[in-house]
Amino acid sequence: MKIRQLGLAVSGFTTAARATCDYKPQVDDLALQESIKLENLLPRSQKLQDFAYATEARNRVAGSPGHVATVDYIISELEATGAYDIERQPFTTTIQEEGSYRITVDNVEWNAGELQFSASGDVTAPLVVVSNLGCTPEDYPAAVAGNIALISRGTCEFGLKSSLAGAAGAIGALIYDNVPGDAPLSGTLGSAPRPTGPYVPTVGTSNNNGTALVQVINSGTEVIAHLDVETTITDVTSDNVLATTKCGNKDSVLMFGAHTDSVPPGPGINDDGSGTVALIEVAKQLAAYQTTNAIRFGFWSAEEVGLVGSTYYVEHLSADALAQIRAYLNFDMIASPNFIHGIYDGDGSAFNLTGPRGSAELEHFLETYFTPYNSVPTEFSGRSDYAAFIDFGVPSGGTFTGAEQLKTEAEVALFGGVAGAPYDANYHQAGDTIDNLNTEAFIIHARAIAHAAAVFGESFDMLPPKEPASVTRFKRDLRRRRNEDQMRGVKWSHDHRREVGDGVGHTHAGCLAGKMVAGMKS
Ligand SMILES: [Zn+2]
């Protein structure tokens, strides 16, 4: 040890960080993968759940005590390794702190779905069916004035529907799911204000309920609904955490990301406690090695209110710092109980929505890892924290084990599990707990992260050069103009939608059911 130190001093490598690195072995792919163990992952999942349950709200909503404890835990775990430069990045965002949603229809109480940022109010009135999908003012008949608008999910944001209902004089809105089933629709309207006007009290219901209501009302029967919504909306400050290896070339950085916040109804142990825990554990084990390229772990806050933390991070990078990020891999829900092995469709083969140049190679890399377990492409629509990275031309990818959508027979043939049941029946609910994690999926996906760290930590040779900034800028501007138009209810042509890569026309595949940032949520 001493001899080696002397040698280093002579050859001029005298900084502490450099010396620390040289005592570490070069990363070993298989050894790193094998060092990731369920017995180390699950106690961390339990920790996150304990943080949530130690609070009155029993969740880890961005900036709440359960979330602050999560962030502090990540920092203390990674600081203990001595292997990372750690940055806490605070930012402020508007969140819904509390919400209660109730609905009765003809005096029968139904399960109410939470649509965050709804206006508060207690309203009782007949339901009036809105034409089409309620995405333009013309869809709202004069009869909605003074009544409650009944609107289908689809094509445009929930928030646009609520504000257009208000603009048409409705005193409330009931939005029903367009995915068959009995689960009440939940999601977010996105924080107000909108150019189309304020929200009205808005509640979600299931497809079965909604379509039954439409049928009854269209047959001429009046149906009285009572919506009772109470929301508390506040500005909160919370922190992203960035942990970058002290070893490795910082001009050539591999980034991983997961989000640290949950939705209000539950502790979020799959969404996205699973990604958070896997990144912590990989970072811990990786600390024993050095890599040629630097590796940065991004722990994003406020994903659940609209990808706020990751967007803030990317938008505040200098041009140089952005250029240094060679690839981004996102892990949001990797232990779903009725799992698929989903890989973001970076090459657009399945969903025709391609990521920046290099994303296809990242997808193929992950597909190769998953060969023994099978995998399916999952839509690359900008509905998790990779969205901002895509917007700025960073090759992106990642894995996903499924949210509220239903597993198909074909997927059961590949992965087992239950056809016709959600991938994660507890998605965005109180039941998203450690008891409902699928440990088989969890360990496979956590080791995929280790594998990526080992391979890209050594070389990015398998990736083509990043696409030119001009191409990225063009795509981003197009997407933003489209999003702004969408906020005003202006529709774009189908071709443009495809070109800028959103999810219109496809079923929802991401972790979120109606977020603002990517614009089009159906
Ligand atoms: Zn998530």
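**Entry 1: charges over rings**

I looked up lysine 407 and found it over the face of phenylalanine 339, 5.3 Å from the ring centre. A charge sits over a ring if NZ of Lys or CZ of Arg is within 6 Å of the ring centre and within 35 degrees of the ring normal. I then checked arginine 58. Its charged end sits over the ring of tyrosine 53, at 3.8 Å from the centre.

**Entry 2: what I am working with**

I note that this is a predicted model, where local features need pLDDT of at least 70, side-chain atom pairs count only at pLDDT 80 or more, and totals for chains, interfaces and linings use all residues. Residues are numbered from 1 along each chain as its sequence is written, and side-chain values use heavy atoms, with hydrogens and water left out.

**Entry 3: ring pairs**

I searched the whole structure and got 17 aromatic pairs. Rings of Phe, Tyr and Trp (its six-membered ring) pair if their centres lie within 6.5 Å; planes under 30 degrees apart count as stacked, over 60 as edge-to-face and the rest as tilted. Phenylalanine 51 and tyrosine 73 are edge-to-face, because their ring centres are 5.6 Å apart and their planes stand at 65 degrees. Tyrosine 73 is buried, at 8% relative accessible area (buried means under 20%, exposed over 50%, partly exposed in between, with a 1.4 Å probe and protein chains only).

Next I took tyrosine 344 and tyrosine 386. Their ring centres are 4.6 Å apart and their planes at 50 degrees, so this pair is tilted. Tyrosine 344 is buried at 4% relative accessibility, and tyrosine 386 is buried at 1%.
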